[in-house]
Amino acid sequence: MPFEFKISRKKIWNLIFPIVILLVLTNTAFSQSYDYVFVKDNSIQVQDSSGNSLLYPWTGGMNSCQFSAIDLNFDGIKDLFVFDKIGNRILTFINTGTANTVSYTYAPEYAVRFPKMQSWVQLIDYNNDDKEDIFTYFNGGIKIYRNASTTSLVFKLVKNPLLSSYNGSYINLFCLSEDFPAITDIDNDGDLDILNFWVLGKYVNYHKNLSMEKYGIPDSLDFQLADNSWGCFAESEASNVLMLDSCYNGSKSSMNKDNIPKHSGSTLLAMDMNGDGLKDLLIGDVDYSNLIKLTNGGTLDTAFMIAQDTNFPSGTNKINLPSFPSAQYLDINNDGKKDLLVSPFEANMTTPETFKSCWLYKNTGTNSNPVFQFQTKDFLQHEMIDMGTGAYPVLFDYNNDGLTDLFISNIGYLDSTYLLNGILHSVFVSKIALYKNIGTATSPVFKLMTRDFANVSALHLQAVYPTFGDINNDGKAEMIIGNADGKLYLFVNNASVASPNFVLSQADYQNIDVDDYSTPQLFDLDKDGLLDLVIGERQQLWKDASNNIIARKGNLNYYKNTGTQTMPVFSLVTDSLGRVDITNYDVSNYGYSTPCFFRTASGETRLMVGNDEGKVYYYKNIDNNLNGTFALMDTLFYVLNATKYPIIEGSRSGVAISDINNDGYQDVFVGNAAGGLVFYKGSSQSITVSEIERNNPIQFSIYPNPANNYIHIFATDNDETTSCKIVITDILGKQLINFSFDNCDSKQISVSNLKDGVYLCNFEIFNSKTKSTALLCKKIIILH
């Protein structure tokens, strides 16, 4: 009898359906489906309290800044690069070049061309090609990128770490993240040398560049420790007192037990300040508010400091900038003379002055013999939304005029400082700013009405965070604020709806306490007609059966309104709503979750959450799933030149979402620790994967395909700084597999739990140099 192979029609269809789909899609350019696509936008007008329009409202604020000059757009004019140490943010401004004028245009599109950097950055041309290169901190040392730009900004890593010869042996040129070195030509031989404090402070080391001596060109970056107490002075181990004529002679007596430095953290700027051709020095010190000027009375070969000025600069407003001032020397007003910019070098966001923290001194002398005249304490800052430390947006129509207004709370403004046991302590007081929408429904304009809404500062709190809603059905909204101590305060409107006046009604509202940094939101989460409370916080300690801490979660607390329309009662349901945890343990042990629930036009509940790292997380699958796990869809991104970039505006993010211009697309306002906001406009753009693949040198392959239980992914990538993320979805976009790994290479992934069918394998490549994310996508077939 002939052999018969029997198979059902259903089984045949199950086998060939994926192949049919594959054939249909083979030559199709995929447009990855995303719920929201944003573009960075600066078009919404913002006015100060006098009605003057701000030039740079949506830059995200500035706190502890370092400034450099660089030609960003290749027009021959030096533009402005700003690095904010708080959040490691980069801001870029195009210089219009108008003579004797400070005239810049905010140009964030250039910021993405720089590598990811931390602690400090100096842009200096080391090889005399008239293109500024990058010197930056990295892991106890210095790394250097060469500016290899031609028609667009390109930086190539050339030294990591930078080495110097110590007694004939080349080792890491040590530099603390708390020290800002002086990088300049100390001996006037044509190449860049480096001054930095010794590992424990006290003495300044001089690392001489031997490029010119050895090779006759300045580009070799060949350093040697030439002097371990350059200038022959010493810094006190317990303060910012400088002792002249104090050279380290290399003997053990110079470093006996009593003389071992205990104090580190200093900033250096070396420049000729009296026209004698020798580099003098400006020194800033941790916990102190002044710069000390040291005058060099030595020679090019042997520096020797002969005088100091603790009230620098003389004849004008002396620098008094808590804490830890750092100075940079560059031409700001296009007059050919370098000016002085001073800003804190603090990474701790609750220590320095952050509201007016960028002091500008105009040079009325010459570059070699400058005379500095004070100009302003808030260079660029006065033209942007800046709330001091922290900015957390909340959108609410407070006067019921049909236009959405903008509230911005903060961690605080610096109120006072004091020294205790030689350590600076700062007191910050938090406020809420109101920017009233005086525009139209399609063209919003925000005007600053007050920086202290409801006189919240009288409570002397830190990190206030407001939410609004009518919780007692009186037709008027109440305001509930959280703060750093984790408790809540209730404010009521004792006036009319159109002209509200919010006053404190109850402290320690309903005895709710989430430990630290409560960030409440009133929102009818369960759709029962009553406003519930969802509260973010710094962390929730998860403990095991033995009461040992096993995790710190960036969680959300859900308090259901179990009261009535007129008498709210908020009852804790869970401290882990949706199993949300937005803590990135590679960056911080804390979460600092800031929730923003919202609903789509169809009524679906969705969630965006800010965190300590500065990202914004996006969740779905919330309705009818309050006891389950919300679906993390992605972190928010924006699109620039067909490339996907993460929305991360420094640390400690907060987010508000609304279709603010009624164009049918949701927009987002993102705040951060630097005290400002960035506006991202909702866009109809789609992300076409084939377009990105054409512009992306990295490719990846999948085998076998079709697959059974495993697939192998192999990426071709020559950049060791790249990290990757794999997301496998079904053809409707539902995430099924999601994980990340560093240094893109081959990876084996189990697909044994996937059903037979066609899937999309999304490969996201994050380049830490350009801070860009390229997206590639391939189809895979699973046949078990």
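The following exercises, each with a worked solution, concern a predicted model.

**Exercise 1.** Work out the strand order of the open sheet of four strands, and state which strands are its edge strands.

*Solution.* Begin with the order, which is 34-35-36-37, the pairing being antiparallel. Next, look for strands that pair on one side only: these are strand 34 (465-469) and strand 37 (502-506), and they are therefore the edge strands. Then consider the geometry, in which neighbouring strands of this sheet are turned against each other by 30° on average, with direction ignored. Finally, turn to the pairing of strand 34 with strand 35 (residues 478-482), which is antiparallel and runs over five bridges; in strand 35, glutamate 478 is the bridge partner of glycine 469.

**Exercise 2.** Locate valine 427 and decide whether this residue counts as buried, partly exposed or exposed.

*Solution.* Valine 427 lies in strand 31 (residues 423-429). Together with Tyr418 and Leu420, Val427 makes a nonpolar surface patch of about 260 Å².

**Exercise 3.** Describe the surroundings of aspartate 526, setting aside its neighbours within four places in sequence.

*Solution.* First place the residue: aspartate 526 is in the loop between strand 38 (519-523) and strand 39 (532-536). With 24% relative accessibility, aspartate 526 falls between the cut-offs of 20% and 50% and so counts as partly exposed. Then list the contacts, which are Asp532, Tyr558, Lys560 and Leu626.

How values were computed
Residues numbered from 1 in each chain as written. Predicted model: local features only at pLDDT ≥ 70, side-chain atom pairs only at ≥ 80, totals over all residues. Heavy atoms only, no water. Pairing = 2+ DSSP bridges. Helix = DSSP H or I, 4+ residues; strand = E, 2+ residues; numbered from the N terminus. Axes fitted to C-alpha atoms, helices over the stretch in contact; angles between N-to-C directions. Patch = residues over 30% accessible without salt bridge, like charges linked within 9 Å, V, L, I, M, F, W, Y side chains within 5 Å. Areas by Shrake-Rupley, 256 points an atom, 1.4 Å probe, with all protein chains shown as cover. Salt bridge = Lys/Arg side-chain N within 4 Å of Asp/Glu carboxyl O. Buried < 20%, exposed > 50% of the residue type's maximum accessible area, 1.4 Å probe, protein only. Contact = heavy atoms within 4.5 Å.
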